[in-house]
Amino acid sequence: HFNPELFADPAWDMLLELYSAALTQRKLTVSRLAERSGVPMTTALRWITTLEREGLIDRVHDRLDGRRVFLTLSDKGERAMSAYFDDLPAGTLFL
């Protein structure tokens, strides 16, 4: 479902956070995603760029505050995450 390199560093954690946010209809800012992934902002920005280049996430500028950027899974990212979880064997424990 994914480029194997995305399972290194915080990329997978970021995808999980964004998938959870999509399921609960929450918006995550760049800084919040960095915080939730437990990495410094510079590391987060590098991986955000990689995920964006892979077509898995989108940056959405806040219409009310031009300085703020939200991150969301792209359609491709949502499909990939859904397919990944759909393909897990029944009874797989995911922590």
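Residues are numbered from 1 along each chain as its sequence is written, and side-chain values use heavy atoms, with hydrogens and water left out. Because the model is predicted, local features need pLDDT of at least 70 and side-chain atom pairs count only at pLDDT 80 or more, while totals for chains, interfaces and linings use all residues.

**Exercise 1. Determine how H1 is oriented to H2 and to H3.**

Step 1. Helices are DSSP runs of H or I with at least four residues, strands are runs of E with at least two, and both are numbered from the N terminus. Axes are lines fitted to C-alpha atoms, for helices over the stretch in contact, and angles run from 0 to 180 degrees between N-to-C directions.

Step 2. The axes of H1 and H2 (residues 30-37) come within 9 Å and cross at roughly 120 degrees. For H1 and H3 (residues 41-53), the axes come within 10 Å and the crossing is roughly 70 degrees.

Step 3. Angles under 35 degrees count as roughly parallel, over 145 as roughly antiparallel, 65 to 115 as roughly perpendicular and the rest as oblique. H1 and H2 are therefore oblique, and H1 and H3 are roughly perpendicular.

Step 4. Contact means heavy atoms within 4.5 Å. Ala11, Met14 and Leu15 of H1 make the contact with Ala44, Trp47, Ile48 and Leu51 of H3. On the H2 side, Asp13, Met14, Glu17 and Leu18 of H1 meet Leu33, Arg36 and Ser37.

**Exercise 2. Describe the aromatic pairs that involve phenylalanine 85 with tyrosine 19 and with tyrosine 84.**

Step 1. Rings of Phe, Tyr and Trp (its six-membered ring) pair if their centres lie within 6.5 Å; planes under 30 degrees apart count as stacked, over 60 as edge-to-face and the rest as tilted. The structure holds three aromatic pairs.

Step 2. Tyrosine 19 and phenylalanine 85 are stacked, at 5.4 Å centre to centre with 15 degrees between the planes. Tyrosine 19 lies in helix H1 (residues 11-23) and phenylalanine 85 in helix H4, so this pair ties together parts 66 residues apart in sequence.

Step 3. Tyrosine 84 and phenylalanine 85 are edge-to-face, at 5.1 Å centre to centre and 80 degrees between the planes.

Step 4. Trp12, Tyr19, Tyr84 and Phe85 form one aromatic cluster.

**Exercise 3. Is serine 74 buried or exposed, and which residues does it contact?**

Step 1. Buried means under 20% relative accessible area, exposed over 50%, and partly exposed in between (1.4 Å probe, protein chains only). Serine 74 has a relative accessible area of 6%, so it is buried.

Step 2. Serine 74 is found in the loop between strand S3 (69-73) and helix H4 (75-87). Leaving aside neighbours within four places in sequence, serine 74 is in contact with Gly55, Leu56, Ile57 and Asp58.

Step 3. Aspartate 58 is found in strand S2 (residues 57-61). At 34% relative accessibility, aspartate 58 counts as partly exposed.
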